[in-house]
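Me: I would like to learn how to read a few features of this model. Please start with the ligand.

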Amino acid sequence: MKVAVIKESAPGERRVALVPEMIARLRAAGLEVLVESGAGDGAWFADSTYAEAGATVVSREELLAGADLILTVGKPDGQILGGLRSGQAILGMLNPLADPGLAATLASRGITAISLDGLPRTLSRAQGMDALSSQANVAGYKAALVGASAFGRFFPMLTTAAGTARPAKVLILGTGVAGLQAIGTARRLGAVVSAYDVRPQTRTEVESLGGTFIELSSVGDAAGEGGYARALTDEERQAQQAELTGHIARHDVIITTAQVPGRKPPLLITEDALKAMTAGSVVVDMGSGPLGGNVAGSVPGETVVTGNGVTIIGAANLATTVPAASSAFLARNISALVLHMVAEGALVIDPSDEIQAGVVITHDGAVIHPATAALLAKTQPGDDAPGGATP
Ligand code: NAD
């Protein structure tokens, strides 16, 4: 079986789905590895390093013609989609719940689609395949650096002959994987860190990293299914926003990471809260994306300064800005999943396996992932796909 790595083409995407270090592992399982020329350039993995590791470097045309399984970071572009043929498989972060139309297209073309974002994350044997966590770790680390860099003062307390600077007060809203990594990084830089989450069970993790957990009297435990948060009711949301405003105003740098699966990100920092902040404060909105963000007025990929001098950074996809590290993690996740699905050098699709049930979206001409199929069933023929356009 030929496994092929494409060169990503999404704007700003610098990651690659496989790094040279993983090639020996795949070859040992009887797989041949093709790499599109330039695939690793954005993460400083040259074609020659792939070739030295045992891969064959090819053009896109050769790759599409020869590949059995195509590895990608994000969704395939139009050229790849157009060049795929029935019987091929594609594996990456395809996000079928946000773009079920892509799954429908791949199924109708007879292509097997495998999406890393459907992985059952609490299953211990799947943890080495958890790309959402590995990329959130990288992004949380970078968010703290981005916040520190945009802040016009120090994170640590500094005592010099010219005076003493107090440490920055950093607030992390949302303490999942990214939030916890942001706490650790801000602490290592010397900031005083507080954090809040609607899942109070994260308190012990926050405290073990040296942060102070903020509890709100107006919102109770909002833990939902599978370790995620549930969406708040309108009343809870308003109470939360109002109570958070006082805490927000007392902090210099705020990093927001809140997400609720399948929903637009909750608004945690309102316009009123921004107005209460001091000039020079910084907000890094990791919730920022096409569906909105955690911060009023944040724009994905852009930096906005409010009238009262608060810098809001719309920090969508920070993992790609640390491309060598995020690609190395991602490549380990992808290789582990590929090896899990391969027997005797061939891909074996088995939806009765708990891991495969989460990640195999289309096979044999049908959408077999239940949640994606249910989303598509809601869409009338002729309607636009619910989550967005199919490339
Ligand atoms: P996420 O990206 O979905 O959300 C980030 C954080 O935002 C979560 O902690 C969530 O509680 C919080 N949040 C949502 N709405 C909020 C609101 N209105 N106000 C404040 N905070 C809000 O989460 P994630 O980082 O992908 O993971 C969430 C959880 O999934 C983990 O903490 C863990 O319990 C579970 N998980 C388990 C494993 C494992 O067992 N190996 C691996 C990964 C994740």
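Reply: A polar contact here is a pair of N or O atoms within 3.5 Å; within protein, one must be able to donate a hydrogen and the other to accept it, and residues adjacent in sequence count only if both atoms are side-chain atoms. In this structure a backbone N or O atom of Q259 lies 3.4 Å from an oxygen atom of the ligand. Taken alone, the ligand exposes 840 Å², and the protein buries 83% of that (Shrake-Rupley method, 1.4 Å probe; for residues, only the protein chains shown count as cover). The model is predicted: local features need pLDDT of at least 70, side-chain atom pairs count only at pLDDT 80 or more, and totals for chains, interfaces and linings use all residues. Residues are numbered from 1 along each chain as its sequence is written, and side-chain values use heavy atoms, with hydrogens and water left out.

Me: Which side chains have an N or O atom 2.7 Å from the ligand?

Reply: The side chain of Q127 has an N or O atom 2.7 Å from a nitrogen atom of the ligand.

Me: How many residues surround the ligand, and how do they divide by type?

Reply: A residue is near a molecule or strand if one of its heavy atoms lies within 4 Å of it. The ligand is surrounded by 24 residues, the closest being R121, Q127, V177, D197 and R199. The shell divides into 10 nonpolar, 10 polar and 4 charged residues. Ala, Val, Leu, Ile, Met, Phe, Trp, Tyr, Cys and Pro count as nonpolar, Asp, Glu, Lys and Arg as charged, and the others, Gly among them, as polar.

Me: Now the sheet. In what order do the 7 strands come?

Reply: Strands of a sheet pair through backbone hydrogen bonds, either parallel or antiparallel. Strands (E, at least two residues) and helices (H or I, at least four) are DSSP runs, numbered from the N terminus, and two strands pair if DSSP finds at least two bridges between them. The 7 strands form an open sheet with mixed pairing, in the order β11-β10-β9-β12-β13-β15-β14. β11 (212-213) and β14 stand at the edges with a single partner strand each, so one side of each has no neighbour in the sheet.

Me: What pairs with β15, and in which sense, parallel or antiparallel?

Reply: β13 (residues 282-285) pairs with β15 in the parallel sense over 4 bridges, and V283 has I312 as its bridge partner. β14 (residues 303-305) runs antiparallel to β15, joined by 3 bridges. Here T303 stands opposite I313, and V304 has I312 as its bridge partner. In the hairpin of β14 and β15, with 5 residues between the strands, G309 takes a positive phi near 85°.

Me: Are the faces of β15 buried or exposed?

Reply: In a regular strand the side chains alternate between the two faces of the sheet. Buried means under 20% relative accessible area, exposed over 50%, and partly exposed in between (1.4 Å probe, protein chains only). Both faces of β15 (residues 311-314) are covered, with T311 and I313 buried on one side and I312 and G314 buried on the other.

Me: How do those cut-offs apply to S149 and E236?

Reply: S149, in helix α6 (residues 131-150), is exposed because its relative accessible area is 65%. E236, in helix α9 (residues 234-249), is buried at 18%.
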